[in-house]
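Good morning, and thank you for coming.

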2 protein chains.
Amino acid sequence: MSILKNINKVFDHRVRLGIMSVLMTNDSLDFITLKKLLDITDGNLASHIKALEKENYIKIRKSFIGRKPNTQYSSTHLGTLEFKKHLTALEHLINIKI
Amino acid sequence: MSILKNINKVFDHRVRLGIMSVLMTNDSLDFITLKKLLDITDGNLASHIKALEKENYIKIRKSFIGRKPNTQYSSTHLGTLEFKKHLTALEHLINIKI
DNA sequence: AAGTTAACTTTGTTATACAAAGTTCTTTAA
DNA sequence: TTAAAGAACTTTGTATAACAAAGTTAACTT
């Protein structure tokens, strides 16, 4: 059994790690905010969001703020749970003694 | 400027993160030990090792133990430095407040 | 001489990441 | 009432990365 067994592949990429990290301390964030925080193209952001959505790690709420369309992203219960597990696995990994 | 700016892409993959992690607490480890710890094929391990070697993050020492060939891998000064930077960046990322 | 093990390298395939361009919907300006 | 613009995508195409499996080399062991 590998020392990597509890490392979640979905969170293995910096962009998805970044998205989940900021969604831990923010109830929800919109597309543009995420895009600016991560400094990536909108297409690229959309695809990473989709990967997290596919796993039910984040959820989407569409609305209008004033008269502008606005999409808010937030972590699901599952997403929060799995992300915390991943962080615990990371901690164990970087403190490992063989 | 992105919240990911200090995240090192070389350490972005779980296998390379795993290799560096175990090399932090072990002066050196050999190929077979790494292979067992990570539970990956030897070809795959060799290519991840190569990626770290290319960046001068790990160094190789070939010798014989008794009469068996043995290759020991260890972190370079640069590797240790950059890995610690990466871990600090990770900590900041997962504790980020916007 | 034949088999074994360590540590690779090579080959080929699949998956992932990414930019850039195109799309849809809606508002705001001329 | 047409035009421009912005948000949030989707599509397309390309480049890179990851991976398994098979092949290779050098040395030992039997």
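I begin with the second largest pocket, which is lined by Leu17(A), Leu87(A), Leu90(A), Glu91(A), Ile94(A), Leu87(B), Leu90(B), Glu91(B), Ile94(B) and Asn95(B). A pocket here is an open set of points on a 1 Å grid over the protein atoms alone, where a 1.4 Å probe fits, with protein on both sides within 12 Å along at least five of seven lines; lining residues have an atom within 4 Å of a point. Helix H4 (77-94) of chain A and helix H4 (77-94) of chain B each supply at least two residues of this lining; helices are DSSP runs of H or I with at least four residues, strands are E runs of at least two, and both are numbered from the N terminus. The lining divides into 7 nonpolar, 1 polar and 2 charged residues, where Ala, Val, Leu, Ile, Met, Phe, Trp, Tyr, Cys and Pro count as nonpolar, Asp, Glu, Lys and Arg as charged, and the others, Gly among them, as polar.

A word on conventions. This is a predicted model, in which local features need pLDDT of at least 70 and side-chain atom pairs count only at pLDDT 80 or more, while totals for chains, interfaces and linings use all residues. Residues are numbered from 1 along each chain as written, chains are lettered from A and ligands numbered from 1 in written order, and side-chain values use heavy atoms, without hydrogens or water.

I turn to helix H2 (residues 31-38) of chain A, where Leu34(A), Leu37(A) and Leu38(A) are buried, that is, under 20% relative accessible area, with exposed meaning over 50% (1.4 Å probe, protein chains only). These three lie on the same side of H2(A) because they cover an arc of only 85° around the axis, taken from the directions from the helix axis to the C-beta atoms. Ile32(A) and Lys36(A), on the other side, are exposed. Just after H2(A), Asp39(A) takes a positive phi of about 55°.

Which residues come nearest to DNA strand D? Of the 19 around it, they are Asp42(A), Lys62(A), Thr71(A), Tyr73(A) and Arg14(B), a residue being near if one of its heavy atoms lies within 4 Å. Phosphate oxygens of DNA strand D lie 3.5 Å from a polar backbone atom of Ile32(A), 3.3 Å from a polar side-chain atom of His13(B) and 2.9 Å from a side-chain N or O atom of Thr41(B).

Key: Polar contact = N/O pair within 3.5 Å; in protein donor to acceptor, adjacent residues only side chain to side chain.
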